[in-house]
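Please look through the model shown here before reading the numbered points.

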Amino acid sequence: MRHGSIPGARGRVRPLTLLGDAALREQCREVTEFGAELADLVEDLFATMYAAQGVGLAANQVGVPLRVFVYDCPDDDDVRHLGHIVNPRLVETDGVVIRGPEGCLSLPGLEAGTQRYDHAVVEGVTATGEPVTVHGTGFFARCLQHECDHLEGRVYADQVTGWRKRRLLRQISRASWSGQA
Ligand SMILES: [Zn+2]
């Protein structure tokens, strides 16, 4: 692979925002400028996601309230999906709702069964403004729904219900990174 073509290779790892940080509750803004700053943000998101061994990362998870996320995520058939999307819109969700384990780099070390649709379609543009449509099934559909939620100021913990929710809230309150402890 050509040097420089690996996503994140020239990016810098930025500090992650953790649950409790106001940035995670922000409704992110549409991107209107498709210049070098946006390209750098995408690179930094990849570098930060890989450093934290994540499969997806939204811009407000590094404190930037813009509608951008990156992903490098397998689906249930072990097909790898790699890319970024600017101004994403979740245009379709269907199929069965599946509860599966879900975690988040902003709630490190935790995981909870979370309900998501098995199929999701996201439309948006690339960092250079080219239209893009991303289809996801299984775990990748889960990832797309999770990242779109981030841009609306939501985290997966909001989606968890019942005893799973109570257990997760307890774990959050005990977590070393939690401001609520
Ligand atoms: Zn997340």
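1. The UniProt record, an unreviewed entry, places a "binding site" at Cys104, His146 and His150; UniProt positions are given in the numbering used here, the feature name is shortened, and such an annotation may be inferred rather than shown by experiment. Although these residues are spread over 47 residues of sequence, they cluster in space, with a largest C-alpha distance of 10.2 Å.

2. Please keep in mind that this is a predicted model, in which local features need pLDDT of at least 70 and side-chain atom pairs count only at pLDDT 80 or more, while totals for chains, interfaces and linings use all residues. Residues are numbered from 1 along each chain as its sequence is written.

3. Cysteine 104 lies in the loop between strand S3 (80-102) and strand S4 (112-125), where strands (E, at least two residues) and helices (H or I, at least four) are DSSP runs numbered from the N terminus. Cysteine 104 is buried because 26 other C-beta atoms lie within 10 Å; a residue is called buried with 20 or more such atoms within 10 Å of its own C-beta, exposed with 12 or fewer, and partly exposed in between, the C-beta atoms being placed from the backbone.

4. Histidine 146, by contrast, is found in helix H2 (residues 138-151), and it counts as buried because it has 25 C-beta neighbours inside 10 Å. Leaving aside residues up to four places away in sequence, histidine 146 touches Gly56, Glu102 and Tyr156, while cysteine 104 touches Val155 and Tyr156; contact here requires C-beta atoms, placed from the backbone, within 7 Å.

5. Helix H1 (residues 36-51) has 16 residues, so at 1.5 Å a residue it should span 22 Å, which agrees with the 22 Å between its end C-alpha atoms; the expected span is 1.5 Å times one less than the number of residues. The buried residues of H1, among them Leu38, Leu41 and Phe46, pack against strand S1 (56-58), strand S2 (68-74) and S3. Glutamine 53, which follows H1, has a positive phi near 60°.

6. How do S2 and S3 run, and how many bridges join them? They run antiparallel and are joined by seven bridges, where two strands pair if DSSP finds at least two bridges between them. S2 and S3 form a hairpin with five residues between them, and aspartate 78 in the turn has a positive phi of about 65°.

7. S3 and S4 also run antiparallel, joined by twelve bridges, and isoleucine 98 has arginine 116 in S4 as its bridge partner.

Conventions: Two residues are in contact if their C-beta atoms, placed from the backbone, lie within 7 Å.
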